[in-house]
Amino acid sequence: MSRAWSITLLVIATALGSLLLASGAMAADGEGIYGRTDDKVVTFASFMVIGFFAVLVTVLSLIQIRLENRKERAREELERLRRP
């Protein structure tokens, strides 16, 4: 499959997805897919976003620590094997 064909399919899929989701965004009286929103809903949604990013940073940091430790072990193993 050529690169141009892949880009064309991606553009078409994005356009179709936007058309499918547009009906919920243009609902009557400003109601979207969720329904009416008030301050409590917005506050909880904001807390969920804050929590998501806190968990994301923690998980990515743990992954990086494990990868750094693995890299150090591999480096030490190579140095140990190089010594006569």
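The structure is a predicted model, in which local features need pLDDT of at least 70 and side-chain atom pairs count only at pLDDT 80 or more, while totals for chains, interfaces and linings use all residues. Residues are numbered from 1 along each chain as its sequence is written, and side-chain values use heavy atoms, with hydrogens and water left out.

The chain contains 2 helices and 0 strands; these are DSSP runs numbered from the N terminus, with at least four residues (H or I) for a helix and at least two (E) for a strand. Helix α2 covers residues 39–82. Of the 84 residues in the chain, 2% are buried. Relative accessible area sets these classes: buried is under 20%, exposed is over 50%, and partly exposed is in between (1.4 Å probe, protein chains only). Accessible areas come from the Shrake-Rupley method with a 1.4 Å probe, and for residues only the protein chains shown count as cover.

A nonpolar patch on the surface is formed by V49, F52, F53, V55, L56, V59, L60, I63 and L67, which together have about 810 Å² of accessible area. Patches are made of residues with over 30% relative accessible area and no salt bridge; nonpolar side chains (Val, Leu, Ile, Met, Phe, Trp, Tyr) are joined within 5 Å, and like charges within 9 Å. V59, one of the patch residues, lies in helix α2. Its relative accessibility is 41%, so V59 counts as partly exposed. F53 also counts as partly exposed, because its relative accessibility is 46%.

A search of the whole structure gives 1 aromatic pair. The ring centres of F52 and F53 are 5.1 Å apart and the ring planes stand at 70 degrees, so the pair is edge-to-face. Rings of Phe, Tyr and Trp (its six-membered ring) pair if their centres lie within 6.5 Å; planes under 30 degrees apart count as stacked, over 60 as edge-to-face and the rest as tilted.

The count of salt bridges is 3, where a salt bridge is a side-chain nitrogen of Lys or Arg within 4 Å of a carboxyl oxygen of Asp or Glu. E68 and K71 form a salt bridge through their side chains, at 3.7 Å from N to O. These two residues are 3 residues apart in helix α2, so about one helical turn separates E68 and K71. E68 is partly exposed at a relative accessible area of 37%, and K71 is partly exposed at 42%.

Another salt bridge links R75 with E72, whose closest N and O atoms are 2.9 Å apart. Both R75 and E72 lie in helix α2, 3 residues apart, or about one turn of the helix. R75 counts as partly exposed at 40% relative accessibility, as does E72 with a relative accessible area of 34%.

The side chains of E77 and R80 also meet in a salt bridge, with an N to O distance of 2.4 Å. E77 and R80 are both in helix α2 and lie 3 residues apart, about one turn of the helix. With a relative accessible area of 36%, E77 is partly exposed, whereas R80 is exposed at 51%.
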